[in-house]
Amino acid sequence: MSYVRVIRLRKIGDFLLNAIIVLFALAPLLWGLSSSLKPANRILQVPPELIPSEVTFAHYETLIENQLFHYMANSAIVSAATVALCLAVGAFAGYALSRFAFPGRNLVMLAVVTVMSIPIASLLVPTYTLIANLGLLDTRTGLVLLYTAYELPIVIWIMFGYFNTIPRQLENAAMIDGYSRFDALRRVILPLAGPGLIASGLFVLTAAWNDFVVAVVMTSAEAVRPLPVAVYFYLGFFGREWGPLLAASMVSIAPIILIFVIFQKYFVSGVTGGSVKG
Amino acid sequence: MRAWFQRRRKGASRADADAFALRLVAPALLIEFLFVFVPLAVGLYYSFHSVRFFQVGRFVGFDNYLSVLTSPAVLNSFAVTAVFAFGSLILTFVVGFALALHLERDGRVAVFMRAVVLVPYVISMLVGSLLLKWVLSQDSGVPQTVLGPLGIADFSVFADSSSAMAALIYNAVWRDAAFAMIMLLAGLKSIPLELYAAARVDGASPWYRFRRLTLPLLKTPMLITLVRLLMHFVNSLTFQLILTGGGPVNKTETVALRTFRLGFEDYALGRANALSFVVFLINVCMIVLLVKLFKPTEKLR
């Protein structure tokens, strides 16, 4: 076989493999999207239509009548507050770990890695017990504090790694010029830490927006119910009426997919959390 | 707030630096203490008492632990968890590794493909499982269309225990192979290309290069990936809660789901906390392993 033919065959093989990967990864989403746009009687049709011959937004309208915007607003408020709190608290802690050999530093590092590893589900029952005793059940504040506690370690870890790449001479120079330690951090270092803050902020935003398990346990009132819990309740409410259910799913993932497409490279550093040093 | 940070601005002594650093980490430590360590303590306290709804009763020693660990439902859930976690672990790791090797080289196509693979991972687990539940259910018409030609058109995936478990594992691989891929890609990137070039000059075949270079140099990232995946699968709740609901009967009810039901459906908070602690101890073993791999207590540069 000639070299050219081998390369050509390889290219065709690669293309087919990629096509299969795309199909497996995205088919459920596209299928859900297509079905959410079909009229109710066409959704359950066998054999199903891949592309709806008749497009309707009726299911999305049903959702709007069922307080969709209210749940979205709850999710948005909780996510935004969690991101703000996580970044404010996490950036400072990451900076301290990166720059100072203070007593107890190793212990703090150990705590960060440990909490980062504790699976949230294993804390669910004890945390519910505590939150109920504190009177924070059914509050957005409770959700924000819990998400912050769970996502803070990864923020600290990412920021720690990022601050390590910024030379210390910068603060030293700023302090010689008369800045206090805190001003050197605030005016010189933080503005340079943008990419680290974006990466950790996106990670926290996604986690808070997507969370279902914590929210379903800690909230029951409609007033504070976030979107994923609402989708879960729609599952009980609409039963086998898949139209509104799939439409709600699409609404819930659309913002995350949009953010992901725009900021893809920042996501990756969040997922690995700088954990792979080889 | 600024005043607090600037209280000791004069001088640059060691003690001053230490105090500054401690003030910077204090808020983070406070939050972690309140919402991670205090719950563990409260849960531990509950697990040794008889609890009816929120009324903590008398001290019962290890009664809750005994009743949980001898209950057939819990023992069943441990067996189910083992099947689900190891099945998902092996398949997710293999698929993730294959994807990492396939998409290793940077290029427009590889970058695009990595993004595609990551989509199931970045969307919420709830929606992911809900979409798969829809696709695999008879309502969507997909199983009938696919299985019809095989003559088993009324086969219901969620009514049979093996196929329900297979669906769960499929859900896990679909979502988390991307995680394994990203972790392993980061590891692959850290291997210097010169090593491959040198091996090639010495006439090493691709398979030999993979076995004698890639695998040994990737050991730590592979172990970290495996442990993180295993912890994720042992504790995952959303897959089971949404996709199968633990059914048929309790054939896919994992420990996480059993604990959830004990706590939030039966409101048996004493026993639920006891079971949480048993699972937590299993997690601690894995965490110790992870911390050893991370080496967070290394000296400051």
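Mentor: A definition is needed at the outset: a helix here is a DSSP run of H or I with at least four residues, and helices are numbered from the N terminus. Please also keep in mind that this is a predicted model.

Trainee: Then which helix holds Leu123(A)?

Mentor: Leu123(A) belongs to helix H6 of chain A, residues 120–134.

Trainee: Is Leu123(A) buried or exposed, and why?

Mentor: Leu123(A) is buried because 25 other C-beta atoms lie within 10 Å, and the cut-off for buried is 20 or more.

Trainee: What does Leu123(A) touch?

Mentor: Setting aside residues up to four places away in sequence, Leu123(A) touches Ile118(A), Val36(B) and Pro39(B).

Trainee: Moving to chain B, how many residues does helix H11 have?

Mentor: Helix H11 of chain B, residues 219–235, has 17 residues. From first C-alpha to last, H11(B) reaches 24 Å, close to the 24 Å expected at 1.5 Å a residue.

Trainee: What covers its buried residues?

Mentor: The buried residues of H11(B) include Pro221(B), Arg228(B) and Phe233(B). Their cover includes H5 and H6 of chain A, together with H4, H8, H13 and H14 of chain B.

Trainee: And the largest nonpolar core: which residues touch the most other members?

Mentor: Ala96(A), Ile156(A), Met159(A) and Met181(B) do, in a core of 176 residues. Helix H8 of chain B gives the most to this core, with 18 residues.

Trainee: What is Met159(A) in contact with?

Mentor: Beyond its neighbours within four places in sequence, the contacts of Met159(A) include Gly90(A), Tyr95(A), Ala193(A) and Ser200(A).

Terms used:
Residues numbered from 1 in each chain as written. Chains lettered and ligands numbered in written order. Predicted model: local features only at pLDDT ≥ 70, side-chain atom pairs only at ≥ 80, totals over all residues. Core = buried A, V, L, I, M, F, W, Y, C linked by C-beta atoms within 7 Å. Buried ≥ 20, exposed ≤ 12 C-beta atoms within 10 Å, placed from the backbone. Helix = DSSP H or I, 4+ residues; strand = E, 2+ residues; numbered from the N terminus. Contact = placed C-beta atoms within 7 Å. Expected span 1.5 Å × (residues − 1).
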